[in-house]
Amino acid sequence: MKLNDGFVTHEMGDEQILVATGASNFSGLVRSNAAAAFIVDCLKEETTKEAIVAKMLAKYNASEEVLSADVDKILDKLRSINALDE
C-alpha cells in the first residue's frame with residue numbers, strides 16, 4: 001500500500017497536515033500528531049502494515065499490540081478518505 005498521489009503533506013511546527021489535491025474527491029485537510037505523521041511518512045513509499053509496525057517498534061517505546069492498533073486506526077482513517085492505494 002502507498003499514500004495516494006492525490007494527497008500531499010506539509011509540516012507545520014510539530015504537526016503534519018495532509019492535504020488533498022484536485023486529483024482527489026476528498027476536500028479538506030487531516031492534521032496529524034507525531035505518531036500519525038510517522039505512519040503517513042512511511043506510506044510515501046510502497047509498504048505493508050507489518051513494515052510500518054516494525055519501524056514504529058524501533059522508534060517508539062510501546063508494545064507491538066499498541067502500535068499495531070495505532071497503525072490500524074490511522075490506516076482506517078486514510079482509507080475512509082481514499083488516501084491509500086492498495
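Predicted model: local features only at pLDDT ≥ 70, side-chain atom pairs only at ≥ 80, totals over all residues.
1. Residues are numbered from 1 along each chain as its sequence is written. Local features need pLDDT of at least 70 and side-chain atom pairs count only at pLDDT 80 or more, while totals for chains, interfaces and linings use all residues; side-chain values use heavy atoms, with hydrogens and water left out.

2. Five salt bridges turn up in a search of the whole structure (a side-chain nitrogen of Lys or Arg within 4 Å of a carboxyl oxygen of Asp or Glu). In one of them, aspartate 41 meets lysine 44 at 3.2 Å, N to O.

3. Aspartate 72 and lysine 49 form a salt bridge at 3.0 Å, N to O. Aspartate 72 belongs to helix 3 and lysine 49 to helix 2 (residues 49–59), so the pair ties together parts 23 residues apart in sequence (helices are DSSP runs of H or I, at least four residues, numbered from the N terminus). Aspartate 72 is partly exposed, at 30% relative accessible area, and so is lysine 49, at 22% (buried is under 20%, exposed over 50%, partly exposed in between, with a 1.4 Å probe and protein chains only).

4. Arginine 79 and aspartate 76 pair up at 3.4 Å, N to O. Both lie in helix 3, three residues apart, about one turn of the helix. Salt bridges with shared partners join Asp76, Arg79 and Glu86 into one network.

Notes. Helix = DSSP H or I, 4+ residues; strand = E, 2+ residues; numbered from the N terminus.
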